[in-house]
Amino acid sequence: METAASLGLPDSPQPPVSPEWWRALNDAKLDALIDTALAKSPDLAAVAARLRQAEAGARLADSQGGVKIGLNAGGAFVHRDGLGGGDKSRLVTELEHRLFGGHGVNIGYESLQLQGQWSPDIFGKYRHQLEAALGQQRAVEYERAQTRLLIAQGVAAYYRQWQMLLEQRQIVEKRFQTNRERERVVRELIRAGQLAPSKLYAVQQGNSRFQTALSDLDANTAQVRHALAALTGQQAQALDNFAPNAAAAVPQPPVSQLSADLLGKRPDLAAQREGLMARRHLVQSAKTEFYPNITIKGLAGLANLEIGHLPASKSFTAAVLPSVSLPIFTSGALRANLSKKEAEFDEQAARYNKNVYTALREAADALTQYEAAAASVREQSEMTALARKNATAAKSRWQSGLDNKLDYLAAQDETLQNESQLSQAQTKLFTAWLALNTAFGGGFEAGGW
């Protein structure tokens, strides 16, 4: 099993990511959607049920090594018409009559016993079983934290995608308006004999493309809206009258504080680590099966026996019954069980080690993607700013009579294209920011490695 020391990772006492990292966006609508999703999520309800099972399993394991006391009450009543065979002497018959009244025999028995049992945990069998159960309980608790993290990430991702689709629609509508203005200018130039009629075809094709793009954007927006409603535990049409806020700037993450040692605080790795430790305790418990099993039983009780008209027999019983059992020949069952537990531990250890290295790669990729996305936004922002300056200059030249209006409209359309690319770049940056928060645990806090 890999540890922080074996991977050369220091221990970070406090994660720099907030447990509610999405609130850094200052978007009340997004906060409400995530709160709704966390409250209504079927996945979280299923994990909560599993947690209750794990807690019950831990209580059951804790009870194995304790003293068990029970109260046992019982009794019997038997009636028999006669005693002896058919050939009885008069002396025997008279004796039966005197003792039993001559109407058969009534036999009654009652008992009340208080019983106790205790198995001292000399070799740690029950202790290891309890530790295994507690480890499984902690693993489920960490799985719940991982589920919450993924739900918040999913809601935020859909929300930002919805914002981006609305941004794209506004830009496409502006480009559509620009193209219709281009069509009007081209028609005027054709009437003036300055352009060939064929020049109109490309402009009209552009109008069709924009109409198709608007329809596709509306369909994609509806799909995202339905997916977001489902993720927040609502009907598909629940968000039809809902509109997200305008996208805000992505918060600057503490990149300098994000280091690989934070992987030890990821809830998914913490859950796997607890499951691995639970397996180790199960191996230790299986080893104790080779040792003697000591049980001490005790009982105390009252008994009452009544036979016909004979005097009743009442008695008090108390006993202590220690016992020791030692497996001698079990046809290899104990050793096979131990081998199975050890193999299960080795398998889970290998899986855990693989997941640690996968998490290291995910964290490195998240940092790289974020830095690349941030650089892309900076570059696209510069290009968009230059396109706006060019459009402003083209408008001035057109108004001064130095260029025709088609040049200005082309520059304006180029600006809108750059704004569309900037919106997409900002969405990629947001997605990278989400991945960064998830890859480093989303502010989850657990024990060390």
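On a 1 Å grid over the protein atoms alone, a pocket is an open set of points with protein on both sides within 12 Å along at least five of seven lines, while a cavity is a set where a 1.4 Å probe fits but cannot get out; lining residues have an atom within 4 Å of a point. The legends below describe a predicted model in which local features need pLDDT of at least 70 and side-chain atom pairs count only at pLDDT 80 or more, whereas totals for chains, interfaces and linings use all residues. Residues are numbered from 1 along each chain as its sequence is written, and side-chain values use heavy atoms, with hydrogens and water left out.

**View 1. The whole chain, to get our bearings.** The protein chain has eight helices and four strands (DSSP runs numbered from the N terminus, H or I of at least four residues for helices and E of at least two for strands). Followed along the sequence, these elements come in the order α-α-β-α-β-α-α-α-β-β-α-α. Of the 449 residues, 36% count as buried (under 20% relative accessible area, with exposed over 50% and partly exposed in between, for a 1.4 Å probe and protein chains only). Take contacts between residues at least 6 apart in sequence: 85% of them join residues at least 24 apart (a contact being heavy atoms within 4.5 Å). The accessible surface of the chain is about 25,300 Å², and 53% of that belongs to carbon and sulfur atoms (Shrake-Rupley method, 1.4 Å probe; for residues, only the protein chains shown count as cover).

View 2. H7 gives the most, with four residues. Sorted by class, the lining holds ten nonpolar, two polar and three charged residues (Ala, Val, Leu, Ile, Met, Phe, Trp, Tyr, Cys and Pro count as nonpolar, Asp, Glu, Lys and Arg as charged, and the others, Gly among them, as polar).

**View 3. The second largest pocket, with H4 in the lining.** Here the volume is about 230 Å³. Of the 15 residues lining this pocket, look for Pro 19, Ala 145, Arg 148, Gly 442 and Phe 444, the closest to its centre. H4 gives the most to the lining of this second largest pocket, with four residues. Nine of the lining residues are nonpolar, three are polar and three are charged.

View 4. Rolling a probe the size of a water molecule over the atoms shows where empty space is left. In this structure, a search finds one cavity of 30 Å³ or more, and the largest cavity has a volume of about 70 Å³. Leu 25, Asp 27, Leu 30, Tyr 159, Arg 160, Gln 163, Ala 246, Ala 247, Ala 248 and Phe 430 form its lining, to which H4 gives the most, with three residues. By class, that lining divides into seven nonpolar, one polar and two charged residues. Arg 160, one of the lining residues, is buried at 4% relative accessible area. Arg 160 also forms a salt bridge with Glu 167, with the closest N and O atoms 4.0 Å apart (the bridge requires a side-chain nitrogen of Lys or Arg within 4 Å of a carboxyl oxygen of Asp or Glu).

**View 5. Two salt bridges that involve H4.** The structure holds 23 salt bridges. In one of them, Glu 274 pairs with Arg 138, the closest N and O atoms being 3.0 Å apart. This pair links distant parts of the chain, since Glu 274 is in helix H6 (residues 267-287) and Arg 138 in helix H4, 136 residues apart. Glu 274 counts as buried at 15% relative accessibility, whereas Arg 138 is partly exposed at 31%. A second bridge joins the side chains of Arg 187 and Glu 183 (3.0 Å, N to O). Both of these residues lie in H4, four residues apart, or about one turn of the helix. Glu 183 is buried, with a relative accessible area of 15%, and Arg 187 is partly exposed, with 34%.

View 6. Salt bridges link Glu 20, Arg 23, Asp 31 and Asp 35 in a network. Asn 26 sits in the segment before helix H1 (28-40). Although not a glycine, Asn 26 has a positive phi of about 55°. Asn 26 counts as exposed, at 70% relative accessibility.

Methods
Grid points are joined across faces, edges and corners, and a volume is the space filled by probe spheres set on the points.
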